[in-house]
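Here's a quick briefing on charged side-chain pairs. Have a look at the model first, then run through the notes below.

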Amino acid sequence: MLKTNEDDLFRESAMTFGEHLEELRVRLFRAVLWLVIGVVAGFFVGHYVVRLIQMPMEQALGEYFENKSKADLIEKYKTLSPEQLALIGAGYISDQFYVEPSQILNPLRESDADMFQNVPPISRYKVAAADLTDARTLADELLAAKSASSENSPARQLWTRLDSDGRDAVAAIANNETRDVDPNQARKLAKAINRAVADGGFFDAAAFQDQIKRDSELKEFWEAADKSGVNKPSGDEMRRINWLALHDAFRSSIELPHPALTPITVWRPSAEDPRKRTKALNPTEGFMIYVKAAVLTGFILSSYFIFRELWLFVAAGLYPHERRYVHIFLPFSVGLFIAGAVLAFFVAFPPVLHFLFSFNAMLNIEPDTRISEWLSFALFLPFAFGIGFQLPLVMLFVNRIGLVSLADYWKQWRIAVLGIFVISMILCPSPDPYSMMLMAGPLTILYFGGIALCYYATGRKPVGLGE
């Protein structure tokens with residue numbers, strides 16, 4: 001029950017209001033002094049704290065990229081082999097790159113001819129099925145050119161240079177009633193075109209003179225070439241020019257020439273993935289992170305003494321017989337603060353980060369974390385949990401000084417739980433529901449624990465318990 005007017009809180013206290021302000025100043029000064037001492041000590045271990053704070057983010061990023069790597073492999077290969085699953089299970093992640101085989105093997109052959117003497121030269125320009133952007137139209141033109149009277153049309157010139165496999169592919173594609181292009185036939189046609197573009201006759205064929213003269217790059221080669229063939233392009237240069245001429249003649253069917261690329265899959269341990277590391281965007285960011293880590297460490301190291309000074313200030317306004325509660329509250333207060341911070345760091349972070357990164361995967365947005373933004377989140381959430389976990393002691397303190405009765409705690413528990421959820425939503429720096437629920441759930445339990453603590457402290461059944 002509430003205390004009456006006769007129960008003046010300061011009746012047995014010799015301190016005036018001004019003396020209470022002076023007591024507050026002294027206690028705050030001492031609390032700040034303890035914090036400074038803790039921060040100085042924190043500067044010697046700040047780098048360990050920074051590494052510790054980065055661990056949950058790096059673990060979440062590692063899980064994200066491992067899942068993404070597995071999803072990419074499934075999309076590429078449809079099913080994963082036992083060897084691939086074994087690598088994933090061993091903590092390896094894959095990434096795909098495209099390389100030019102000619103730029104790898106040809107220099108190796110030149111550097112050590114004896115070792116690579118059996119490796120044939122590889123062309124840099126190789127027409128792929130994907131370069132035939134409209135294989136059906138191309139096949140129709142080539143098949144029509146088979147019986148055309150003109151020998152100088154580009155289609156006729158290409159048809160005469162196709163081998164039997166290429167002509168069979170043209171017939172199969174053109175005669176398909178569904179107008180769908182069989183991928184195997186498209187690949188056969190692309191291989192035949194590759195063999196055809198190596199023919200120097202394309203360069204001399206009258207059918208391509210107009211294309212060569214219209215294209216500035218082709219014209220430059222044409223004018224530089226000696227008619228005797230001395231300066232005539234050869235090798236990959238010939239393939240490129242012929243491919244350019246074919247593209248100019250069949251713009252809707254054949255893609256522009258480009259270096260041939262081959263996809264390769266690269267595996268590396270997840271721990272060595274640079275994408276997992278947090279980033280700093282300016283030169284001072286690393287130093288500021290170290291300072292913040294030192295302040296956090298200092299607060300934790302000196303938390304007992306800081307809380308002690310604050311509770312001693314509270315004790316100055318209590319009855320003499322109530323001041324003993326301060327010595328009981330103090331260790332519990334520090335313990336609850338540390339318990340809340342540990343719960344946030346080791347229990348709340350993993351599901352919260354998993355939930356947030358799930359949106360990156362859904363929206364196909366690559367996460368690129370910045371250390372300062374992550375540190376603000378990583379510092380504030382444990383601090384909010386630690387402060388929130390002071391709830392039972394605050395409830396007991398308010399009850400013991402007579403501001404709220406135990407019966408009121410029971411009567412208003414629904415409103416209290418609603419308030420806990422609202423406060424949890426405000427205190428949590430992240431908008432996700434996981435962090436709010438992980439704070440609100442324990443606080444709700446602590447609310448009823450606070451009621452039990454008040455009941456135990458009074459040593460009697462609360463009035464209104466059965467109401």
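**Salt bridges at a glance**

Asp95, Arg268 and Asp273 are joined in a network of salt bridges. A salt bridge here is a side-chain nitrogen of Lys or Arg within 4 Å of a carboxyl oxygen of Asp or Glu. The structure has 9 of these salt bridges.

Heads-up on the source: this is a predicted model, where local features need pLDDT of at least 70 and side-chain atom pairs count only at pLDDT 80 or more, while totals for chains, interfaces and linings use all residues. Residues are numbered from 1 along each chain as its sequence is written, and side-chain values use heavy atoms, with hydrogens and water left out.

**The network**
- Within it, Arg268 and Asp273 meet in a salt bridge at 3.6 Å, N to O.
- Arg268 is partly exposed at 23% relative accessibility, whereas Asp273 is buried at 1%.
- For the cut-offs, buried means under 20% relative accessible area, exposed over 50%, and partly exposed in between (1.4 Å probe, protein chains only).

- Glu309 pairs with Arg27 in a salt bridge, with the closest N and O atoms 2.9 Å apart.
- Glu309 sits in helix 14 (residues 303-316) and Arg27 in helix 1 (residues 17-42), so this pair ties together parts 282 residues apart in sequence.
- Helices are DSSP runs (H or I, at least four residues), numbered from the N terminus.
- Glu309 and Arg27 are both buried.

**A pair inside one helix**
- Asp140 and Arg136 form a salt bridge at 3.5 Å, N to O.
- They are 4 residues apart in helix 5 (residues 135-145), which means about one helical turn separates Asp140 from Arg136.
- Asp140 is partly exposed at 30% relative accessibility, but Arg136 is buried, with a relative accessible area of 9%.

Methods
Helix = DSSP H or I, 4+ residues; strand = E, 2+ residues; numbered from the N terminus.
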